[in-house]
Amino acid sequence: MTRSDLVALLAERFGQLTHRDAEFAVKTMLDAMSDALSRGHRIEIRGFGSFSINRRPPRMGRNPRSGEQVLIPEKLVPHFKPGKALREAVDARAEAQAAAAAQQAAAESAQPAAPIPVAADEGR
């Protein structure tokens, strides 16, 4: 799902919102989340998950072309940890899809195979 998909879904689900209002709401929410993370705060949305900042310490790397060692500086990167409800919902959907695929495969294998036509002059 992209940002524009989310805007379209919000505008469709809430008829009182225009497309422009839905776009403004999504932009405001994402800007607030980006601002909070850039200030080092943690964001927790119950049932969905939490966003936090992880520190990647400095380390020595290698330039693949020349082979020389290069110092890679410390980085702060955003990290998302899904909540229990989201994990369970994704897992339940994956299990349902796997069960449906298994049922379809079983149904296809249970049907007798059609005989293969043989040309009259074959085998001579």
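Q: Where is I43 in the structure?
A: In this predicted model, I43 has its place in strand β1. That strand covers residues 43-45.

Q: Is I43 buried or exposed?
A: I43 counts as buried, because its relative accessibility is 12% and the cut-off for buried is under 20%.

Q: What does I43 touch, leaving aside its neighbours within four places in sequence?
A: I43 is in contact with M33, A36, L37, G49, S50 and F51.

Q: Which residues make up the largest nonpolar core?
A: The largest nonpolar core has five residues in all: M33, A36, L37, I43 and F51. Helix α2 supplies the largest share of this core, three residues.

Q: Why might residues of that kind sit together?
A: In soluble globular proteins, nonpolar side chains tend to be buried together.

Q: Changing topic, which secondary structure elements does the chain have?
A: The chain has three helices and five strands.

Q: And in what order do the elements run?
A: Starting at the N terminus, the order is α-α-β-β-β-β-β-α.

Q: How much of the chain counts as buried?
A: The chain has 124 residues, and 12% of them count as buried.

Q: What share of the contacts joins residues 24 or more positions apart?
A: Among contacts in the chain with a separation of 6 or more, 28% are between residues 24 or more positions apart.

Q: Now the largest pocket: how much space lies in it?
A: The largest pocket holds about 180 Å³ of space.

Q: Which residues line the largest pocket?
A: The lining consists of M29, L30, M33, I45, F48 and F51. By type, the lining has six nonpolar residues, no polar ones and no charged ones.

Q: Which element gives the most to that lining?
A: Helix α2, which spans residues 19-38, gives the most, with three residues. M33 and F51 are named in the pocket lining and also in the largest nonpolar core.

Q: On to strand β2. Where does S52 sit, and is S52 buried or exposed?
A: S52 is in strand β2, which covers residues 49-56. S52 counts as buried, because its relative accessibility is 17% and buried means under 20%.

Q: What does S52 touch?
A: Not counting residues up to four places away in sequence, S52 touches L37, R42, V77, P78 and H79.

Q: And where is I53?
A: I53 is found in strand β2. At 29% relative accessibility, I53 counts as partly exposed, because its value falls between the cut-offs of 20% and 50%.

Q: Which residues does I53 touch?
A: Leaving out residues up to four places away in sequence, I53 touches L37, L76, V77 and P78. L37, V77 and P78 are also among the residues that S52 touches.

Q: How far apart are I53 and F80?
A: Their C-alpha atoms are separated by 8.7 Å, although I53 and F80 are 27 residues apart along the chain.

Q: How far is H41 from I53?
A: H41 and I53 are 7.8 Å apart, C-alpha to C-alpha, and 12 residues apart in sequence.

Definitions and conventions. Residues are numbered from 1 along each chain as its sequence is written. This is a predicted model: local features need pLDDT of at least 70, side-chain atom pairs count only at pLDDT 80 or more; totals for chains, interfaces and linings use all residues. Side-chain values use heavy atoms; hydrogens and water are left out. On a 1 Å grid over the protein atoms alone, a cavity is a set of points where a 1.4 Å probe fits but cannot get out, and a pocket is an open set with protein on both sides within 12 Å along at least five of seven lines; lining residues have an atom within 4 Å of a point. Grid points are joined across faces, edges and corners, and a volume is the space filled by probe spheres set on the points. Helices (H or I, at least four residues) and strands (E, at least two) are DSSP runs, numbered from the N terminus. Ala, Val, Leu, Ile, Met, Phe, Trp, Tyr, Cys and Pro count as nonpolar, Asp, Glu, Lys and Arg as charged, and the others, Gly among them, as polar. A nonpolar core is a set of buried Ala, Val, Leu, Ile, Met, Phe, Trp, Tyr and Cys residues joined through side-chain atoms within 4.5 Å. Buried means under 20% relative accessible area, exposed over 50%, partly exposed in between (1.4 Å probe, protein chains only). Contact means heavy atoms within 4.5 Å.
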